[in-house]
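Morning, everyone. Let me put one model on the screen and then walk through its contacts.

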Amino acid sequence: MRLRRVLGRLGLLAPDAAGAANPLLIGWAVSVVGRRVLGAPCLAQALAGEVMLRRRGQAAEVRIGVARSEDGRLLAHAWLESRGRVVVGGADTSSYAVLA
């Protein structure tokens, strides 16, 4: 992913000296700010959370999934997982097929 390479070059995905952080607390903060920033889509929130967690030495994995709505439209959603839990993007991601 092009954005991920740019973030890596800028050092934004490398751990810093900030120490460990609670992934659920980071996820909560990203979600609260995301609701207040118009046009902050799920992908932007997931990427922001990933940067924040990785800079604190925490595991973080952005997931992107697709599903069909009841009327047949294609739906896409992004979320962030850390330590096996969804921390940004909602807990009900089971209806989405994760893209590789």
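Predicted model: local features only at pLDDT ≥ 70, side-chain atom pairs only at ≥ 80, totals over all residues.

I will go from confidence to the core, then to one helix, the charged pairs and the aromatic rings.

The protein chain has a mean pLDDT of 84. Of its residues, 79% reach 70 or more. Confidence is lowest in helix H1, residues 2–9, with a mean of 64. It is highest in E1, at 95.

Now the core. The largest nonpolar core holds 12 residues. Here is the list: Ala21, Ile26, Val30, Ala46, Leu47, Leu53, Ala60, Val62, Ala78, Leu80, Val87 and Val88. Which elements give two or more residues to it? Helix H2 (23–36), H3, E2 and strand E3 (85–88) do. H3 supplies the largest share, 3 residues.

Leave aside residues up to four places away in sequence, and alanine 46 touches Val62, Ala78, Trp79, Leu80 and Val88.

Next, H3 itself. It runs over residues 42–55. That is 14 residues, and they reach 20 Å from first C-alpha to last. The expected figure at 1.5 Å a residue is 20 Å, and the helix comes close to that. Its buried residues are Gln45, Ala46, Leu47, Gly49, Glu50, Val51 and Leu53. After H3 comes glycine 57, with a positive phi near 75 degrees.

Glutamate 50 pairs with arginine 54, and their closest N and O atoms are 3.5 Å apart. The background is simple: an α-helix has 3.6 residues a turn, so residues three or four places apart point the same way. Is glutamate 50 buried or exposed? Buried, at a relative accessible area of 1%. Arginine 54 is partly exposed, at 24%.

Glutamate 81 forms a salt bridge with arginine 63, at 3.3 Å between the closest N and O atoms. Glutamate 81 lies in strand E2, residues 74–82, and arginine 63 in strand E1, residues 61–68. The pair therefore ties together parts that are 18 residues apart in sequence. Arginine 63 is partly exposed, with 29% relative accessible area.

The remaining bridge is between arginine 73 and aspartate 71. Their side chains meet at 3.3 Å, N to O. Aspartate 71 is exposed, with a relative accessible area of 55%.

Last, the rings. Searching the whole structure gives 1 aromatic pair. Which residues form it? Tryptophan 79 and tyrosine 96. The pair is tilted, with 6.1 Å centre to centre and 50 degrees between the planes. It links distant parts of the chain, 17 residues apart. Tryptophan 79 is in strand E2, and tyrosine 96 is in the loop between E3 and strand E4 (97–98). Tryptophan 79 is buried, at 1% relative accessibility. Tyrosine 96 is partly exposed, at 21%.

Notes: Residues numbered from 1 in each chain as written. Heavy atoms only, no water. Salt bridge = Lys/Arg side-chain N within 4 Å of Asp/Glu carboxyl O. Helix = DSSP H or I, 4+ residues; strand = E, 2+ residues; numbered from the N terminus. Buried < 20%, exposed > 50% of the residue type's maximum accessible area, 1.4 Å probe, protein only. Core = buried A, V, L, I, M, F, W, Y, C linked by side-chain atoms within 4.5 Å. Contact = heavy atoms within 4.5 Å. Phe/Tyr/Trp six-rings, centres within 6.5 Å; stacked < 30°, edge-to-face > 60°. Expected span 1.5 Å × (residues − 1). pLDDT = per-residue confidence, 0-100.
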